[in-house]
Amino acid sequence: METMKLISHIGTDGILLLQMPTEFKDTSVEVVVVVQSLPSDEIKPKYNAWGKLTTKKSIQAAIARMVQLRQEIALDQSSIRSLIEEGRRF
């Protein structure tokens with residue numbers, strides 16, 4: 001037996017869709033549903049500064065891009081020291 005806690009939304013048609021992990025595919029299961037309303041602020045979608053929907057996938061993509069940029073443009077400590085020394089000459 002496995003217990004899962006999900007946050008979902010019941011549409012205007014009254015239908016609740018549940019996506020199960022692939023480990024349960026092509027299997028008979030018994031399902032118990034407990035329905036509890038959430039405060040309205042917990043179910044509102046969140047958007048970033050550019051008006052795009054913020055999701056776990058979009059956050060992971062942003063972090064990956066920041067790491068990539070840091071690797072592409074970051075200076076190592078020896079380069080920073082040499083730039084400081086060069087700046088002191090002027």
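Guide: Ala, Val, Leu, Ile, Met, Phe, Trp, Tyr, Cys and Pro count as nonpolar, Asp, Glu, Lys and Arg as charged, and the others, Gly among them, as polar. The model is predicted, so local features need pLDDT of at least 70 and side-chain atom pairs 80 or more, while totals for chains, interfaces and linings use all residues. Residues are numbered from 1 along each chain, and side-chain values use heavy atoms, without hydrogens or water.

Visitor: How much space lies in the largest pocket?

Guide: A pocket is an open set of points on a 1 Å grid, with protein on both sides within 12 Å along at least five of seven lines. Its volume is the space filled by probe spheres (1.4 Å) set on the points. For the largest pocket this is about 1,200 Å³.

Visitor: Which residues are closest to its centre?

Guide: The lining holds 25 residues, each with an atom within 4 Å of a point. Closest to the centre of the largest pocket are M4, L6, V32, V33 and V34.

Visitor: How many of the lining residues are nonpolar?

Guide: The lining of the largest pocket includes 5 polar and 3 charged residues. Its nonpolar residues number 17.

Visitor: Which residue other than glycine has a positive phi near 55°?

Guide: Most residues other than glycine have a negative phi. The exception here sits in the segment before α1, a helix (a DSSP run of H or I, at least four residues). The residue with phi near 55° is D26.

Visitor: Is D26 buried or exposed?

Guide: Buried means under 20% relative accessible area, exposed over 50%, and partly exposed in between (1.4 Å probe, protein chains only). D26 has a relative accessible area of 83%, so D26 is exposed.

Visitor: What is the distance in space between T22 and A62?

Guide: T22 lies in the segment before α1 and is exposed because its relative accessibility is 65%. T22 and A62 are 40 residues apart in sequence. From C-alpha to C-alpha, they are apart by 27 Å.

Visitor: How far apart in space are I15 and I63?

Guide: I15 also belongs to the segment before α1, and with a relative accessible area of 46% I15 is partly exposed. I15 and I63 are 48 residues apart in sequence. Their C-alpha to C-alpha distance is 35 Å.

Definitions and conventions: Helix = DSSP H or I, 4+ residues; strand = E, 2+ residues; numbered from the N terminus.
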